[in-house]
Amino acid sequence: MAYETAPSEAGGRSSGAKEKAGEVADQARQSTGEVAATVKEQAREVAGESRTQARHVATRIRDQLDEETWTQAQRVAEMVREWSDDLAAMADQTEVDSPVRDVVRQVAERGHRTADFLDQRGLYGVADEIRGFARRRPGLFLAGAALAGFAVGRLAKAVTKESQEETAESSAVESSGPGPVRTPPPRQEESAPSAEEP
């Protein structure tokens, strides 16, 4: 009779172990699912925050560029206005009947209008005007761009040449300037051939 009870206890133990293993596996699956859901949620939050910060950075950079562009436009407008004032003063000092006076006055007036335009619309307004002109008159725009490129190239070449000449002049002045005077060593006179030599 002792034989009959032993197998039933072993079967009970094995089924209990199976149930426990199943519970542990279910808990592990549940925990894994919770961890995966948490990781996905955190990844979504991090991605959303990164996009938000990237938008803020891009907006800040764009604002700084706009501010810098506006500041540069104001400086250019100020320079153009000063040149125009100088030209207007020069036109006032020339003879009344001189044709140069009218041309200089017109250039001064256009300079003042350009400065006002830059004050009001900035460099973006200039870019918009150039784009509009290029759409309306593409041939004239290309010719003007080629002429402007040629003029800028010639100006750059002239400035480079002038800079090189100034550098050469300054180095010549420095080398000829005051400093220790070096006297060459005395030349050794060659001995005259003696009469005894044949």
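Select Ile61. Its relative accessible area is 45%, so Ile61 counts as partly exposed (buried means under 20%, exposed over 50%, partly exposed in between, with a 1.4 Å probe and protein chains only). This is a predicted model, where local features need pLDDT of at least 70 and side-chain atom pairs count only at pLDDT 80 or more, while totals for chains, interfaces and linings use all residues. Residues are numbered from 1 along each chain as its sequence is written, and side-chain values use heavy atoms, leaving out hydrogens and water.

Now colour by helix. Ile61 sits in helix H1 (helices are DSSP runs of H or I with at least four residues, strands are runs of E with at least two, numbered from the N terminus).

Together they make a nonpolar surface patch of about 260 Å². Patch residues have over 30% relative accessible area and no salt bridge; nonpolar side chains (Val, Leu, Ile, Met, Phe, Trp, Tyr) are joined within 5 Å, like charges within 9 Å. A salt bridge is a side-chain nitrogen of Lys or Arg within 4 Å of a carboxyl oxygen of Asp or Glu.

Next, select Asp63, Asp66, Glu67 and Glu68. Here is a surface patch of negative charge (Asp and Glu count as negative). Glu67 belongs to helix H1, residues 2–93. Is Glu67 buried or exposed? Glu67 is exposed, because its relative accessibility is 56%.

Zoom out. The protein has three helices and zero strands. Along the sequence, the pattern reads α-α-α. Of the 198 residues, 8% are buried.

Technical notes
Areas by Shrake-Rupley, 256 points an atom, 1.4 Å probe, with all protein chains shown as cover. Charge placed at Lys NZ, Arg CZ, Asp CG, Glu CD.
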